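I opened the notebook for a quick look around this one. Here is what I looked up, entry by entry.

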Amino acid sequence: MSPLSPIKPREEAPISPRRTVWLPLDPLLTLAVVGLGVCSAVTLREATRNLIPGDPRFYVDRQVVYLLVGFVLMLALSRINYATLRRLKNPIYATLLLSILAVLALGHTARGSQRAINFPLFSFQASEIGKVLLILALAALLVERARRLHDRDTTVRVMIAGLIPAIFVIAQPDLGSGMVYMVIAYMLLFIAGTSWRQLAALAALVCLAATFLLVAAPAAGVHVLKAYEVNRLTAFLHPSSNKQTEGYQQQESKIAIGSGQKTGRGAKSTQVSLNFLPESHTDFVFAAVAERYGFLGAGIVLLLYALLIWRTLRVLVMAKDLFGSLIAAGVAAMLMFQVFVNVGMTIGIMPITGVTLPLMSYGGSSVITTLLAIGLLQSIYVQARASAALKGRVPLY
Amino acid sequence: MSAIERRRPSDPRIPVSPQLALRVAIIGGVTMVLFGVIFFRLWYLQVLSGEQYVQQADANRVRDLPIAAPRGQILDRDGRSIVTSRTTNAVQIVPSEMPAAVKEQVSAYEQSLSEAEERHRPAVERVARFERVLASHHRPATKAQLRERRRLIRAARTPRVPIPPLPLSASHARRLFARLGRVLHLDWRTIDERVVEGVTATPYANVTVKTDAGLGPLTVLGERQSEFPGVIQRPVSIRNYPYGEMAAQVLGHVDEVSPQELEMRAFRKVLPGTIVGQEGLEFYYDHYLRGKTGVERVQVNAAGSPVPSNLASTPPLAGHSLKLTLDLGLQRESEKALLEGVGHARASGKPAVAGSFVALDPRNGQVLAIGSYPSFNPNRFAKPLTTAEYAELQGSGSASGPLTNRAVNGAYPTGSTFKPITALAALEAGIVTPTEALGAGRCISVSLQQFCNAGHTEFGAVGLVKALKVSSDTYFFEVGKLANPHGPVIQRMAHRLGIGEPTGIDLPSEFDGTVPDARWRERQNKLELQCRRRTHLPSCGIVSEPRPWTVGDNMHLAVGQGDLLIDPLQMAVAYATLADAFTNGGEGTVVTPHLGMQVEEAEGGVVESLRFPAKRHVHLDHNYLSLVMEGLHEAASQSGGTSAEVWEGWDQSQHPVYGKTGTAQHEPLEDQSWYMAYIGDPKRPIVIAVTVEQGGFGAETAAPIARLMASRWFGKPEKFVAGSSKTL
């Protein structure tokens, strides 16, 4: 069977009141994506003006290209029936593991961690794209075992399937992405309907592991996490203005956000423009927004994220099959974790973990991965609409 | 169709299991709570605490660099400059343009500094704790406790932290410093150390490598700017004392304000790094002279490099000029005369180690000239002094060095110059009558002690005027003996005239003076005994042996010997009071001697006239006072008078001289030469006090110096005439 084209059922639809020229996409989801893309470009244009002397548009030009490429990929993905991806479960999982291992083997080092492979035209960050691959693989695995959801065996298999790439990613070291992987796996189990007992047991296990990694192991002299990672994770508990300590970045971020006040400092955004806040175009881009455009600008960005997450959950509910729901659940987990951890980190209530702010942070891998994930959501939406139309529940557009 | 129409077209409902609905609802709920938390946090940061974070952001980016204010000049009474500020170029290094290796060196140094401080914190806390314990005892600390305290303080002193060496890889920086060093004649390590220390002390500010490099090096640096990146020349103001050693102790000197001084009231609101007065008038009138430091506001980025901005700078306010009562001509002549007198004394075999002079206007206390020998050149303080150099200036042990202003801090017996005070006291108390003849014979015996004239001369029994004229010691010994039963008669007169109390001169320190009486002796005895009990030493040296006040003490005081200790300025004030009362029918003022006359704008124009109200008025019996003055005049003018030879050829009718020699004995050292004079003039009367330590008889050394000063003051031919009177 060829991939189900949305065109065919449309022509067979018995009850189509009128045809529209609209692209069959979720309009609110698309609005959120376009809105965040515009916010990203506007913020980066100002925040990166002084980063590379003589080339004020270096970052913003690239980011716009990434956004456009990502948007086109999203449109393309929305035309594909995601259901076909179910059968590619094993190749997808293999690609995920191989790409992460390849990075470990021959990746290039950025700030002490191997995260990307340099290709002739672009460098490719495997852990980012891996998020989407993992969502697809785990969702397919769960659908396969849908009838044995209450088996402990299923839960263990899903968690292990998530844990293996997570461990490799953490070894790169990219703690943030590793945590995203674990959260995706947990969310899939949660939505798939795993029993509360097993979920609670898993949560307890995670707490134990965290205690072990952060407190017990360093005390015993075993350093599973790098020292700087442990420092970063705990630094938000003791902010500091000392440049040498880990709390410095967070302190500067709070100063940037706080000084934005209600409507922002505009051209006087010195925390970012004079580089007191490092990484203001990547991990701390939210602080750049909040300093320049104030509570107002930050609020608009947050509302766009709220819209994005709401539409994701909506797609989750309206998906025509379990596979679609689980993919949407995985995407929801990815977006929520990244938004809350990243924003929480910039406002000083979460540890610094190095996760990007989806669509806002500068970086091709992150932007394109997020847009691919949203492309999957669009596909689920389109298929759900098509299926509902087939069953005569809704008019097709 | 109708079933479909009833549904809203955008709301495709598919059957959702209750379980999924619950779980999605939970996710939705968590999401809403998290967004709520973030919004509240943002509200708190941006709206509630926004102001505070704006300030922190500005503190991040704005650096205030001080701009030194030009210090005000010091002028003489006619507006001639005595102290000026000279502008010269300083060679400075811009830290932000230094290679990265130097910055690493700075942060390594900062690191080891803070580590050293950290290591020393327990020691500092031990000192504080020990001092709290000492204070809680409410009684003086014992020797052992003081020793322990010194030991703790020594241990708590932060050791000098060595500057980490420039990394070997930093050949670029080393070559630059070596090139600069060759031009400035400095070792490249010295330059590197100054840069590291300077940047550590005030980050972002330029570091001065050399202040007064001279024309040659400055031209080289200016012409080959491209070879010296980050090296600039900046005009800086340097204090200049064109007359060198002249009145050095009075003028004082300047230096960068020290951390201790910053805590003093006098230096409130002074920024660290400001040049302030140290000692003398520079210190006393510092708040007029120093001006107000300006502020250059610089915007810097996170790396500390300046970034263009339109921050407003505050220009510095120049200090005011200080006009003194000093007469530059008289001052220079007096210094010269003192040196000449010292030279004469040395030529005749006297050590003449030190001396001082004061010239006052008796009507208002204006100091016309004041000086102390040996002196020093305050320009030396422009460069940091070595410990040895400073020790030499300060003097060691009992021998005070050139930094001491002997005119106000010397503690001397005055010898016979005290006699007019004794005479006036005895007359006013009715102890002697003017004509009563006393002091026959060479010596006077009281109990087993002999009190003799100098050289065992025989003056015979003489009246008061003659006694002053020839300076008969036996006469005044008798007066002292007669006065003793009447209580502290002489002492009271001395105090009335301003002796034995601070004069209130506008200098940072002056000697209180001691006029001994029975009560004073009792107090000293008590102190000595207390000290001995506390320290278990055989003697504390406060008094040689505790004993009661005796008639002998009073007799010694009557001739200005014994335990009497005062400085030349107090004597000058006492003679000024006598002179003032003499010219005003017995009504005299005890003036407050002063050097400051008025404060002026840098461009001229009076800011403030300095006022020094007289301390008090005294009423003296004019008849008695006239007799005393007659004695002084005869001593200086009539043959047989102690200083008559010195004033030979002086027009006494135009400018009558009332002068008294003094020779204070300091066994086993050579005698101290004293001369006090009042020279009358309707327009410009003057009181002169001169003393030369180990200079011999008063008429020999001090009196000729006084004549030279008077000659200059009244425009007479200057002549050094040594007297031969061998009187005390």
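**Entry: a glutamine in chain A.** Is Gln63(A) buried or exposed? I looked at its surroundings in this predicted model and found 25 C-beta neighbours inside 10 Å of Gln63(A). The cut-off for buried is 20 or more, so Gln63(A) counts as buried.

I then checked where Gln63(A) sits, and found it in helix 3 of chain A, which covers residues 58-79. Leaving out residues up to four places away in sequence, I listed Ser40(A), Ala41(A), Leu44(A) and Tyr362(A) as what Gln63(A) touches. I also noted Gly363(A): it is 300 residues from Gln63(A) along the chain, yet their C-alpha atoms are separated by 6.8 Å.

**Entry: a helix pair.** How do helix 12 and helix 14 of chain A pack? I read an angle of about 40° and axes 9 Å apart for helix 12 (residues 285-318) and helix 14 (residues 364-390) of chain A. That angle makes helix 12 of chain A oblique to helix 14 of chain A. The crossing of these two chain A helices is left-handed.

Next I looked up who meets whom. Helix 12 of chain A brings Thr312(A), Val315(A) and Met318(A), and helix 14 of chain A brings Leu377(A), Ile380(A), Tyr381(A) and Ala384(A).

**Entry: confidence.** I noted an ipTM of 0.90 and a pTM of 0.67 for the model. Chain B averages a pLDDT of 86, with 96% of its residues scoring at least 70. Residues 1-14 of chain B have pLDDT below 50, and this stretch has 15 contacts in the model beyond near neighbours in sequence. A reminder to myself: where pLDDT is low, the predicted coordinates should not be read in detail.

Conventions: Residues are numbered from 1 along each chain as its sequence is written. Chains are lettered from A and ligands numbered from 1 in the order in which they are written. This is a predicted model: local features need pLDDT of at least 70, side-chain atom pairs count only at pLDDT 80 or more; totals for chains, interfaces and linings use all residues. pLDDT is the predictor's confidence in each residue, from 0 to 100. Two residues are in contact if their C-beta atoms, placed from the backbone, lie within 7 Å. Helices (H or I, at least four residues) and strands (E, at least two) are DSSP runs, numbered from the N terminus. A residue is buried if 20 or more other C-beta atoms lie within 10 Å of its own, exposed if 12 or fewer, and partly exposed in between; C-beta atoms are placed from the backbone. Axes are lines fitted to C-alpha atoms, for helices over the stretch in contact, and angles run from 0 to 180 degrees between N-to-C directions. Angles under 35 degrees count as roughly parallel, over 145 as roughly antiparallel, 65 to 115 as roughly perpendicular and the rest as oblique. A crossing is left-handed if the near helix is turned anticlockwise from the far one by less than a right angle, and right-handed if clockwise.
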